[in-house]
Amino acid sequence: MQTPEQGEKITRNGAGLRVPDQPVIPFIRGDGTGPDIWRATVRVLDAAVEAAYGGKRRLIWKEIYAGEGALRKFNNWLPDETIDAIREYRVAIKGPLTTPVGGGIRSLNVAIRQLLDLYVCQRPVRWFEGVPSPVRDPGAVNMVIFRENTEDIYAGAEFEQGQDETRRFLRLMQENFPDRYQRIRFPESSGIGLKPVSREGSQRLFRAALEYALAQNRRSVTLVHKGNIMKYTEGAFRNWAYDLAENEYGHRCYTWRQWERAREDQGEQAANAEQKAALDGGALLIKDVIADICLQQVLTRAGEFDVIATTNLNGDYLSDALAAQVGGIGIAPGGNVNSDTGHAVFEATHGTAPKYADKDVVNPGSLILSGEMMLRHLGWNEAAGKIIKAMNAVIAERAVTYDFHRLMEGATKVKCSEFGDRLIASMQA
Ligand code: NAP
């Protein structure tokens, strides 16, 4: 792997990331349609930086490898050098990767997240005017989901039905925790999964959401949980988040739990007055909702949601359900972030769509908007803003790739690369 001659490393000090004017950014092209969307993306990102800073700043790209590309070159799905490079240069971007079938690696994406402890999965969901949507008012959707990325049922602490170790585990339960064992309806034929949710894991995720909401002047953070049923995991997630908000951010937040306490002590009117005074004074509202109700409300009253903080499995469902409201998989960006160290990998959220590989037809929007998130992570908001403005302009012209074209009457179908060309032309205009 070659190290670029120019460029400097992004570092971190107490105040946050220190980003030089020419940061080295490792990138993974990805498999299948990855190279198609990467070719369009890299040109758009370079053009956005040029348009915003006129040569004063520049991204210095360094290619790193994972997936089939790495297998071909190094006979290894995920070389150590790839992880080392991301660790060293701190911020990277990647296209989709083929999931190896068989072998030791469950998923390359999961491996990268775990190795770098990227505990926040950040998914902004916004609608660009003109994008086909199944809902009546997609313009009301403008949310950022913070999904916990390391715990919950995804930890992989599972026992397969019928195995010796599973019987041993169940026996252990029966002997030590008979009350809970009795709640298992069919123990002999059950597989078992454990759902660890910790205070540290919950609070670091919530802190990232809170800091983001404060920095970006958002109105609220909603905790999405299933605490009515899973009291000691999902319910605890909610309580630990409220604890953090009240104990460490009390001067900048107002929580629904405070409102409940005020209502109990002084009645509803006084509680409402207290909340109003706090919000009028600029406090961020911290509220919570049960996950199933949330999935209804993001459809029926999307405008009430802003930043969302949630556990891993809820976040998985919610991210995809919301992405579908605003144009689907071709345009949904994502970032995996460790907010303590600033390490981050931004990525297309869809897969490799191999049937379209090298045809230059798929939508590059997901990776381009992941690049937009990356620019914001670097603090290069002006360049990120150029991309959003150009996306709005090009989609408003109804120049779109096949996935949108088949849903939009009278639109012009453009290739993946042409969509990139049009974004660049719009930024240069
Ligand atoms: P997929 O690659 O996401 O493709 C499913 C369908 O989504 C495509 O057939 C296409 O729909 C649509 N689509 C995906 N990307 C698009 C784009 N850029 N523009 C427009 N439409 C797009 O899912 P898959 O076929 O299940 O998975 C293929 C491989 O990718 C597997 O190896 C899987 O493990 C891997 N994967 C990787 C990631 C990742 O690296 N982040 C994520 C998921 C899956 P139409 O056919 O309707 O046009």
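Domain bounds here come from an automatic or database domain assignment. In this predicted model, the protein chain is divided into three parts: domain 1 (1-118 + 341-429), domain 2 (134-153 + 198-325) and domain 3 (158-193). A distance of 34 Å separates the C-alpha centres of domain 2 and domain 3.

The largest nonpolar core contains 82 residues. Leu-59, Trp-61, Ile-93, Phe-206, Val-221, Ile-286 and Ile-387 have the most contacts inside this core. Helix α1 supplies the largest share, ten residues. Both domain 1 (1-118 + 341-429) and domain 2 (134-153 + 198-325) give residues to the core, so the core lies between them. A second core is separate and has 18 residues. Ile-28, Ile-60, Leu-78 and Ile-112 are included in this second core.

Residues up to four places away in sequence are not counted here. Leu-59 touches Pro-23, Ile-25, Leu-45, Asp-46 and Val-49, among others. Its contacts also include Met-374, Leu-375, Leu-378 and Trp-380.

Helix α1 spans residues 34-53, and helix α13 spans residues 365-378. Their axes come within 9 Å and cross at roughly 35°. The crossing of α1 past α13 is right-handed. On the α1 side, the contact involves Ile-37, Trp-38, Thr-41, Val-44, Leu-45 and Val-49. On the α13 side, Leu-367, Ile-368, Gly-371, Glu-372, Met-374 and Leu-375 take part. Nine residues of this contact are nonpolar, two are polar and one is charged. Leu-45 and Val-49 of α1 meet α13, and both also touch Leu-59. Met-374 and Leu-375 of α13 meet α1, and these two likewise touch Leu-59.

Thr-33 is found in the loop between β3 (24-28) and α1. Thr-33 counts as buried because its relative accessibility is 1%, and buried means under 20%. With neighbours within four places in sequence left aside, Thr-33 is in contact with Gly-351, Thr-352, Ala-353, Tyr-356, Ala-357 and Val-362.

Val-400 lies in strand β16 (residues 399-400). Val-400 also has 1% relative accessibility and so counts as buried. Residues up to four places away in sequence are again not counted, and Val-400 touches His-405, Met-408, Ala-411, Thr-412, Lys-413, Val-414 and Phe-419. Leu-423 is 23 residues from Val-400 along the chain, and the C-alpha atoms of the two are separated by 11 Å.

Notes: Residues are numbered from 1 along each chain as its sequence is written. This is a predicted model: local features need pLDDT of at least 70, side-chain atom pairs count only at pLDDT 80 or more; totals for chains, interfaces and linings use all residues. Side-chain values use heavy atoms; hydrogens and water are left out. Axes are lines fitted to C-alpha atoms, for helices over the stretch in contact, and angles run from 0 to 180 degrees between N-to-C directions. Helices (H or I, at least four residues) and strands (E, at least two) are DSSP runs, numbered from the N terminus. A crossing is left-handed if the near helix is turned anticlockwise from the far one by less than a right angle, and right-handed if clockwise. Contact means heavy atoms within 4.5 Å. Ala, Val, Leu, Ile, Met, Phe, Trp, Tyr, Cys and Pro count as nonpolar, Asp, Glu, Lys and Arg as charged, and the others, Gly among them, as polar. Buried means under 20% relative accessible area, exposed over 50%, partly exposed in between (1.4 Å probe, protein chains only). A nonpolar core is a set of buried Ala, Val, Leu, Ile, Met, Phe, Trp, Tyr and Cys residues joined through side-chain atoms within 4.5 Å.
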